[in-house]
Amino acid sequence: MFSPLVVVSTILIYMACLFGIAQLVERRVAATGETFKSPWIYALSLAIYHTSWTFYGSVGFASTSGLLFLGIYVGALIGIALWWVILRKMVIAKEVFRITSVADFLSTRYRRSQKIAGLVTLIALTGLLPYIALQLKAFISSFEIITQRSSDQWSYSGLLVTLLMTLFTILFGAKRLDPTERHQGMVVVMVVESMVKIVAVFSVGLFVLYGLYDGIGDLNARIAEAELTHLTSASATEHSFSMWVTLIILSFSGIYLLPRQFHMSVVENTDQHHIKTAMWVFPLYMIAINLFVIPIAAAGLLGDFSDHQADYFALLLPQEAGQSALTMLVFIGGFSASTAMIIVTTVTLATMVSNHWVLPTIERFSKAQGLRPYLLQMRWALVALILASAYWFEHELSDSYILVAIGLLSFVAVLQFAPAVFGGLFWPRGNSAGAFAGLLAGFGIWVYTLAIPTFIKNGWLDPNILLAGPWGIELLRPEALFGLDGFHPIAHSVIWSLSFNLIFYIVGSLIYQPHKDERTFTTEFMSVLTPVRKPAKARPTGLDSYIPLSAKLEESQHLLAQYLSDDKSRDAIFTICEDLQVAGKTHITIIELMEFHRMVEHILAGSIGAASAHRAMEQNIRYSTRESSDLKALYSHIVSELKGGPSSTAGSMLTTDTSALEQHGLIGELQSSINKLELKNQEYLTRLARLEEKLEKRDHDIFKYRMEAQRKERDNKDLLLVLEDMKQKLLAQREE
């Protein structure tokens, strides 16, 4: 048993070490200007997927359901096998459109819709806030176990860790307004915590097998003797088949769409080719961290522990055996699993809320627009508010049914993103109306079939709703909707929520005819993700330098200053001019203007989200009549190059309307063309770099070969001289 002071001191020292590691990494990056581009760091950072629900909960799950706990990893492994097809597309979209979160991804794909982004944010916040509370509960429960103190005796432990995580999250997850900038310190800390988790799991697993028992054979014999064979059964519980399918579906979507997972795998990705390394490193980690789940569960059930302690067998077993150091290591491992999830999830939720709730509200009210320069400070406040809400949730409901079931409830909430995300990647016909309808329908069914039954079981609502249905209509019973009975509540909710979501998404997309601007942007988005066709020869237009640069600089700087500080706005404009090599020019071409506006929008998108940035550009950037005409002409030429000739679709878009919305529609098409050319150019540069590397290696090998050949030639000459000398001596001996 440890005293609370010792445990708190250990936590503080551990957090200080993580802080120091993050600080060193950030300083190195600032000094050298180079980010870590190791595929191993990227792959291991993805182990944030394994929270305290894995570290502790898998053992508890296996104790009652046997091998069913593996379902939550089988689906993830299937998803990882498809990363090069699916995740790579997400990373490409992130690089092109400066996407900051899963809400921003869906908003960007569907006409940069703030309405969709706001709904996605609502779903994520509703589903994940209790999940953060679950991580806090895991920490507080494990704290009580190793100190043998109740929460009443040491009531400030949860508050202390909440304050520490708030500070740490702000310092290394939300200290910049642009969340697309690499959080190298935070990423490396996630890797360190992943290694601590796996070391802790292996340590307690080996202790159970070879410290408490004489290996796996002895433990298997004890399992058979105690009739605990359900631990190794794939169908140990009722509804096993439907739950296997459900867990596979949930984990498949979760490995892509959990906000923390999306952030680490997409936003923090520095090189698409790192995905290939992660596709084998991360599965090995996932398998390794689950190797000892069944042995630990068996040892706990064979011991003198009650069933309700099953989640914490990994902590109780070494503590019962008097292994203090191992107990503390396991506690720190569980703490790492909780903190990693909390920090990254809080960063992503704060980003989504600020970009898609707070900022649109500020834009709507003119008196509130003075708050624009304080978006970063508001994001800090949101981090504190989210964690404080999670702490309140845990404190008020620590013994309730809701926290027991919240893990899978959160996965089902995140599942509602799947049709819109995967449909948006592969189905060009999918549009904003279908996406919004599907999300809303799926979320509504989730609330009705999972959230409301949870509230009823927690005693907040009338239990008759669950038994007889609202107003006595049995077909509307939340856990047997439309007469579908005999399923586990989670499987039941997945069936109905996903079905409604898919139906509304597909039917809505087929019925609704999107506006030209949405069709234009959909073409741009999809074209970025598809291979570039070989263009036909055509000469572009718009090469005359007639646009006054100073006016455009002033217009864009004024726009940036509404959201960034004056210094950052000036620095951003200066950097763009340097990158475009237009600094010092008095006039620029329409092509340079288009690229200039594209880069301005990217800077804004990194700070306020793609949807808000696009709207800000539409409202503040204007084009003259000649500029509008040149944009249309340039668009026509590029369409001809990329498609082998003018198309009826392109022709229909070349209208005489010169509104700001249409200008950005044309720019969208032009950006699409440029993006495709840039991606192709990047592929060539990558190939060239690899060829140069191979050539350098070949030159090195040739040099080594030549040196070796020269050495052997010298050795041969020396050997010939020796042989000649021996020959002369032999001849001399014969003559004698």
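Guide: In what follows, a residue is called buried when its relative accessible area is under 20%, exposed when that area is over 50%, and partly exposed in between. The model discussed here is a predicted one.

Visitor: Is R112 buried or exposed?
Guide: R112 lies in the loop between α6 and α7, and R112 has a positive phi of about 50 degrees although it is not a glycine. Its relative accessible area is 9%, which is under the limit of 20%, so R112 is buried.

Visitor: How many residues of α6 are buried?
Guide: The buried residues of α6 are V102, A103, D104, F105, L106, S107, T108 and R109. Helix α6 is largely enclosed by the rest of the structure, because the number of its residues that are buried is 8 of the 8.

Visitor: With which residues is S101 in contact, leaving aside its neighbours within four places in sequence?
Guide: S101 is found in the loop between α5 and α6, and its relative accessibility of 3% is the reason why S101 counts as buried. Once the neighbours within four places in sequence are set aside, the residues in contact with S101 are F262, V267, M352 and H356.

Visitor: Are α5 and α12 roughly parallel or roughly perpendicular to each other?
Guide: Helix α5 covers residues 87-97 and helix α12 covers residues 259-267, and the two pack with their axes 9 Å apart at an angle of about 75 degrees. Angles of 65 to 115 degrees count as roughly perpendicular, and α5 and α12 are therefore roughly perpendicular.

Visitor: How do the residues of the contact of α5 with α12 divide into nonpolar, polar and charged?
Guide: On the side of α5 the contact is made by L87, M90, V91 and K94, while α12 brings F262, S265, V266 and V267. Sorted by type, the residues of this contact are 6 nonpolar, 1 polar and 1 charged.

Visitor: Which residue has its backbone nitrogen 3.3 Å from a polar atom of the side chain of S251?
Guide: S251 lies in helix α11, which spans residues 240-257, and S251 counts as buried because its relative accessibility is 0%. Leaving aside neighbours within four places in sequence, S251 is in contact with Y49, G71, I72, Y73, G75, A76 and F411. The backbone nitrogen at 3.3 Å from the polar side-chain atom of S251 belongs to G75.

Visitor: How far apart in space are L408 and L450, C-alpha to C-alpha?
Guide: L408 lies in helix α18, residues 401-415, and counts as buried because its relative accessibility is 12%. Not counting residues up to four places away in sequence, L408 touches W53, I72, M243, L247, L250 and I490. L408 and L450 are 42 residues apart in sequence, and from C-alpha to C-alpha the distance is 10.0 Å.

Visitor: Which residue has a backbone oxygen that the side chain of T147 reaches at 2.6 Å?
Guide: T147 has its place in helix α7, residues 114-147, and with a relative accessible area of 0% T147 is buried. Beyond residues up to four places away in sequence, T147 touches M1, F2, S3, P4 and V7. The backbone oxygen that its side chain reaches at 2.6 Å is that of F143.

Visitor: Which element of the protein has the lowest mean pLDDT?
Guide: The protein averages a pLDDT of 82, and 85% of the residues score at least 70. Over residues 645-662, however, the pLDDT is below 50, although this stretch has 31 contacts in the model beyond near neighbours in sequence. Where pLDDT is low, the predicted coordinates should not be read in detail. The highest mean pLDDT among the elements, 96, belongs to helix α13 (residues 274-289), and the lowest, 38, to helix α29.

Notes
Residues are numbered from 1 along each chain as its sequence is written. This is a predicted model: local features need pLDDT of at least 70, side-chain atom pairs count only at pLDDT 80 or more; totals for chains, interfaces and linings use all residues. Side-chain values use heavy atoms; hydrogens and water are left out. Helices (H or I, at least four residues) and strands (E, at least two) are DSSP runs, numbered from the N terminus. Buried means under 20% relative accessible area, exposed over 50%, partly exposed in between (1.4 Å probe, protein chains only). Contact means heavy atoms within 4.5 Å. A polar contact is a pair of N or O atoms within 3.5 Å; within protein, one must be able to donate a hydrogen and the other to accept it, and residues adjacent in sequence count only if both atoms are side-chain atoms. Axes are lines fitted to C-alpha atoms, for helices over the stretch in contact, and angles run from 0 to 180 degrees between N-to-C directions. Angles under 35 degrees count as roughly parallel, over 145 as roughly antiparallel, 65 to 115 as roughly perpendicular and the rest as oblique. Ala, Val, Leu, Ile, Met, Phe, Trp, Tyr, Cys and Pro count as nonpolar, Asp, Glu, Lys and Arg as charged, and the others, Gly among them, as polar. pLDDT is the predictor's confidence in each residue, from 0 to 100.
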